[in-house]
Amino acid sequence: MIQWWNRMEFVDPEFFWLLLLLPLIVAYYIWQGKKQNADVCISTLKGFEGSDSLLARLRPLLLVLRLLALAFIIVGLARPQSTDVNTKTSTTEGIDIVLAVDVSASMLAQDFKPDRLEATKRVALDFIEGRPSDRIGVVVYAAESYTKTPITTDQSITLRAVEGIEYSSVLENGTAIGMGLATSVNRLKESNSESKVIILMTDGVNNAGFIDPKIASELAVEFGIKVYTIGIGTNGNAPSPVAQRGDGSFRFAMAPVEIDEALMKQIAADTGGKYYRATNNSKLKEIYEEIDQLETTEIEEFKFYNVQEGFRVLVLIALGLLGLEMLLRYTLFRTAA
């Protein structure tokens, strides 16, 4: 379709080819007029000077009116119309997701920019913004775990929860993977959603908490929850916090990156998920993008079209021009020569 100004479009633009007839009609009119005028030989034109009447000079106006009427009819045949589209969507299969984030001191390691925790927050925020139809909650854990926000469809609440994640000495330092996973399962166990997902992120090994990660994994299986696990940390050594100064700041030194990949792989395999290893910012972003593609939400979209036809106005204008042309032809121009 040919796009026109102000959301106007033409359904049958091929009729515009008929506009090429207009110059042919003008040429035929000129040729026919010359053919109908007879040549008269006289000795002088002095006696005819000033004899042309105003109506005779305006007679071509009749042709102009007819051509304009024909042009409007051709444009009307092309069917100009304006379309307003109203879209309504309904989610046919939403997904309930819990992001379980390790907030132990080791997440402040600077092998990611600016550190592991901030890098995790950034990709999590992008992930949440891209899933407006899902219910998402946030769990944080170190040696203990707690729910930052329960699963909710209010995206702004979830985004603020993730933005507010930070290391805090309130939580005892350590990595309780089992506790983090169990708390996440508890958030989803009452869910009626057909798809329930936990994204579990850590940069260490399970060294705290009173819940065994394998027990938590079995609970996830029992409630039909899929767990994607992400190990965060470069290969080898990384600048990591090794001591805390009196003013609360950390002293960093190179330390080996230790991730219990065997455990993370086992949790993912038992629950039907997948294990990923993020060694830098870009890899972490790619992992979230892949999970986003794997866990798609089915959305049904309804479009309602309000079509306003424009040909009626053009036809009425054309009829008006033809009526005016006929009126002038058989009144003012009836005797004009």
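This is a chat about a predicted model of one protein chain.

Colleague: What am I looking at, and how are residues numbered?
Modeller: The model is predicted, so local features need pLDDT of at least 70 and side-chain atom pairs count only at pLDDT 80 or more, while totals for chains, interfaces and linings use all residues. Residues are numbered from 1 along each chain as its sequence is written, and side-chain values use heavy atoms, leaving out hydrogens and water.

Colleague: OK, how many helices and strands are there?
Modeller: The protein chain has 10 helices and 12 strands. Those are DSSP runs numbered from the N terminus: helices are H or I with at least four residues, strands are E with at least two.

Colleague: How much of the chain is buried?
Modeller: Buried residues make up 40% of the 337 residues. Buried means under 20% relative accessible area, exposed means over 50%, and partly exposed is in between, using a 1.4 Å probe and protein chains only.

Colleague: Which residues have the most contacts inside the largest nonpolar core?
Modeller: L99, I199, I230 and Y288 do, in a core of 39 residues. A nonpolar core is a set of buried Ala, Val, Leu, Ile, Met, Phe, Trp, Tyr and Cys residues joined through side-chain atoms within 4.5 Å.

Colleague: Which element gives the largest share of that core?
Modeller: α4 does, with 7 residues.

Colleague: And what does Y288 touch?
Modeller: Leaving aside neighbours within four places in sequence, Y288 is in contact with L99, V123, A124, F127, I199, M201 and I230. Contact means heavy atoms within 4.5 Å.

Colleague: Back to α4. Why is it called largely enclosed?
Modeller: Because 10 of its 14 residues are buried, α4 is largely enclosed by the rest of the structure. Among the buried ones are R116, K121 and F127.

Colleague: What caps its N-terminal end?
Modeller: D115 caps α4 there, with a side-chain oxygen 3.1 Å from the backbone nitrogen of L117.

Colleague: New topic: which residues does UniProt list as "transmembrane region"?
Modeller: The unreviewed UniProt entry lists residues 15–31, 61–78 and 311–332. UniProt positions are in the numbering used here, feature names are shortened, and annotations may be inferred rather than shown by experiment.

Colleague: How much helix is in residues 311–332?
Modeller: That span is 86% helix and 0% strand, with its end C-alpha atoms 31 Å apart. For residues 15–31, the figures are 65% helix, 0% strand and 26 Å between the end C-alpha atoms.

Colleague: Which residues of α3 are buried?
Modeller: L62, L63, L65, L67, A69, A71, I74 and G76 are. After α3 comes R79, with a positive phi near 55°.

Note on methods: A polar contact is a pair of N or O atoms within 3.5 Å; within protein, one must be able to donate a hydrogen and the other to accept it, and residues adjacent in sequence count only if both atoms are side-chain atoms.
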